[in-house]
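Subject: A structure to look through

Hello,

Here is the structure I promised to pass on. Please open it and keep it beside you while you read. My notes follow below.

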Amino acid sequence: MTTLYGYFRSSAAYRVRIVLNLKGLAFEQVPVNLVKGEQRSETFRAHNPQGLVPALVTDDGTTLTQSLAICEYLDELHPSPALLPLEPAERARVRALAQLVACEIHPLNNLRVLKYLVNELKLDDEAKLAWYRHWVTGGFDALEAMLSREAGSGDFCHGDTPTLADVCLVPQVFNAERFECDLSAYPRIQRIVANCRALDAFHQASPEEQPDAG
């Protein structure tokens, strides 16, 4: 059985859960509580020396890390439904949208960064929230423009089926909502996320549906 080590509110683990569900793959979950620091334990670091979730252990015992690498591995191994278009320019567009979220917004706003701002730099909650919202706003401003300008008529980020871009977008919007970011300026993003959330694969991957939620 494929095993996913993750945390219910981790954006990166959320992405992998979505892909596993879209592909119809069975998996078991092992929660790693990031708030309690379980990602720093020797037990977990045996799976990922970086001390980050997710880690995916395949049926043959291979351990994979980094959510985008895991998602593309699963897409290559189980090509239907496809997460990336066939045409090279379209594939590049989907990857660019996904990386805007996963590489530009998320790293600046993940838990370890927010904890560093509070514990080491002594920022108060108001300053921490200002930091978080600044990077979400900048990223979503660009993403909304890209989605509206390029192939903007589909139900999802690229066309009428979910792609890797949607897999990255939905968890980021979930976190933005948690931090009470104003998303009213992003109607395209909101419409895409609503379409994604209507699908069972996304709903079953949502944080509130996970065994370690609450």
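How do α1 and α3 run relative to each other: roughly parallel or roughly antiparallel? Before the answer, one caution: this is a predicted model.

**α1 and α3**

Start with the angle. α1 and α3 pack at about 5 degrees, and their axes lie 9 Å apart. Angles under 35 degrees count as roughly parallel. The two helices, α1 and α3, are therefore roughly parallel to each other.

Now look at who touches whom. From α1 come Ala12, Arg15, Val16, Val19 and Leu20, and they meet Ser67, Ile70, Cys71 and Leu74 of α3. Sorted by type, the residues in this contact of α1 with α3 are seven nonpolar, one polar and one charged.

Stay with α3 for a moment. Its buried residues are Ser67, Leu68, Ile70, Cys71, Glu72, Leu74 and Asp75. What covers them? The cover includes α1 (11-22), β3, β4 (63-65), α4 and α7.

**The UniProt stretch**

UniProt lists residues 1-82 as "domain: GST N-terminal", in an unreviewed entry. Over residues 1-82, the chain is 33% helix and 20% strand. The end C-alpha atoms of that stretch are 22 Å apart.

**Two cis peptide bonds**

Most peptide bonds are trans. One joins Val53 and Pro54, with omega about 5 degrees. Find Pro54 in the loop between α2 (42-45) and β3 (55-57). Another runs from Ser80 to Pro81, with omega near -5 degrees. Pro81 sits in the loop between α3 (67-77) and α4 (88-109).

**α6 and α7**

Helix α6 covers residues 125-149, and helix α7 covers residues 164-178. They pack at an angle of about 140 degrees, with axes 11 Å apart. That angle makes α6 oblique to α7. The crossing of α6 past α7 is left-handed.

Which residues make the contact between α6 and α7? On α6 they are Tyr132, Val136, Phe140 and Leu143. On α7 they are Leu169, Gln172, Val173, Asn175 and Ala176. By type, the contact of α6 with α7 has seven nonpolar residues, two polar and no charged.

**Two positive phi values**

Most residues other than glycine have a negative phi. Lys122 has a positive one, near 60 degrees. Lys122 lies in the loop between α5 (111-119) and α6. Is Lys122 buried or exposed? The cut-off for exposed is over 50%. Lys122 has 64% relative accessibility, so Lys122 counts as exposed.

Glu180 also has a positive phi, near 55 degrees. Look for Glu180 in the loop between α7 and α8 (187-197). At 63% relative accessibility, Glu180 counts as exposed.

**Arg133**

Last stop: Arg133, in helix α6. Arg133 is partly exposed, at 30% relative accessible area. Leave aside its neighbours within four places in sequence. Arg133 is then in contact with Phe179, Glu180 and Cys181. Now try Glu38, which is 95 residues from Arg133 along the chain. The C-alpha atoms of Arg133 and Glu38 are separated by 27 Å.

Best wishes

Methods. Residues are numbered from 1 along each chain as its sequence is written. This is a predicted model: local features need pLDDT of at least 70, side-chain atom pairs count only at pLDDT 80 or more; totals for chains, interfaces and linings use all residues. Side-chain values use heavy atoms; hydrogens and water are left out. Axes are lines fitted to C-alpha atoms, for helices over the stretch in contact, and angles run from 0 to 180 degrees between N-to-C directions. Helices (H or I, at least four residues) and strands (E, at least two) are DSSP runs, numbered from the N terminus. Angles under 35 degrees count as roughly parallel, over 145 as roughly antiparallel, 65 to 115 as roughly perpendicular and the rest as oblique. A crossing is left-handed if the near helix is turned anticlockwise from the far one by less than a right angle, and right-handed if clockwise. Contact means heavy atoms within 4.5 Å. Ala, Val, Leu, Ile, Met, Phe, Trp, Tyr, Cys and Pro count as nonpolar, Asp, Glu, Lys and Arg as charged, and the others, Gly among them, as polar. UniProt positions are given in the numbering used here, feature names are shortened, and annotations may be inferred rather than shown by experiment. Buried means under 20% relative accessible area, exposed over 50%, partly exposed in between (1.4 Å probe, protein chains only).
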